[in-house]
Amino acid sequence: GTALDRSKFPKTMRVGHCYYENVKLARPPFEGCGRYKVFSDMGYPRGRPCFYPSVHGLDSCYNAYPNATILLVTRNATAWASSVLRWRQGQLLNRWRRCDKFPRNGVDTAVAELEHFHNWHAANIRQFASGHPSLTIIEVSLDDDDDVGQQLEDRIGVDSQCFGHHS
């Protein structure tokens, strides 16, 4: 493929956009996206096509990094839906609704629609990981009584002080 021309993007180009551009060019998804060892699910819902790695890019990630670790952080679906609806008066949700596989399924309420997507998303990642045994999946719930930061420190070695909660 052709090299990714990063000069066309601002210095703060979102990793999701970089990932998408690399996938289009048949390059490893994170090539040239920064000198990081960990990437979070960083999609972008601007224009067409929308791209969200854990929805649209699992295969490309696996093909480039077959021994990767997926960290699936979940929370109560109703609480997550409420948070999405509140964030900037639903601005992010309205952007994602234009995207393939995202909430807009005609479910009777926005909350039910988001809960359905939340549950589908987690199940889809679990199913993908189980079908690709060289991947490691670590799942933690923000709803657990145990300190999530401590759980992550124990399981992946990143200091628990690096993790916090935002509703």
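Predicted model: local features only at pLDDT ≥ 70, side-chain atom pairs only at ≥ 80, totals over all residues.
Visitor: Why is the contact between E139 and R126 called a salt bridge?

Guide: The N to O distance is 2.5 Å. The cut-off is within 4 Å, so the pair qualifies. E139 lies in strand β2 and R126 in helix α6, so the pair ties together parts that are 13 residues apart in sequence.

Visitor: What makes R126 partly exposed?

Guide: R126 has 36% relative accessibility.

Visitor: How do you know whether E21 is buried or exposed?

Guide: The relative accessible area of E21 is 14%. Buried means under 20%, so E21 is buried. The side chain of E21 meets that of K24 in a salt bridge, 3.4 Å from N to O. These two are 3 residues apart in helix α1, about one helical turn.

Visitor: What makes E31 and R27 a salt bridge?

Guide: Their closest N and O atoms are 3.1 Å apart.

Visitor: Why are β1 and β2 called paired?

Guide: Pairing needs at least two bridges. Here 6 bridges join the strands, which run parallel. T69 has T136 as its bridge partner in β2.

Visitor: Which β1 side chains are buried?

Guide: I70, L72 and T74 point to one face and are buried. L71 and V73 are among the residues of a nonpolar surface patch, with about 410 Å² of accessible area together.

Notes: Residues numbered from 1 in each chain as written. Heavy atoms only, no water. Buried < 20%, exposed > 50% of the residue type's maximum accessible area, 1.4 Å probe, protein only. Helix = DSSP H or I, 4+ residues; strand = E, 2+ residues; numbered from the N terminus. Patch = residues over 30% accessible without salt bridge, like charges linked within 9 Å, V, L, I, M, F, W, Y side chains within 5 Å. Areas by Shrake-Rupley, 256 points an atom, 1.4 Å probe, with all protein chains shown as cover.
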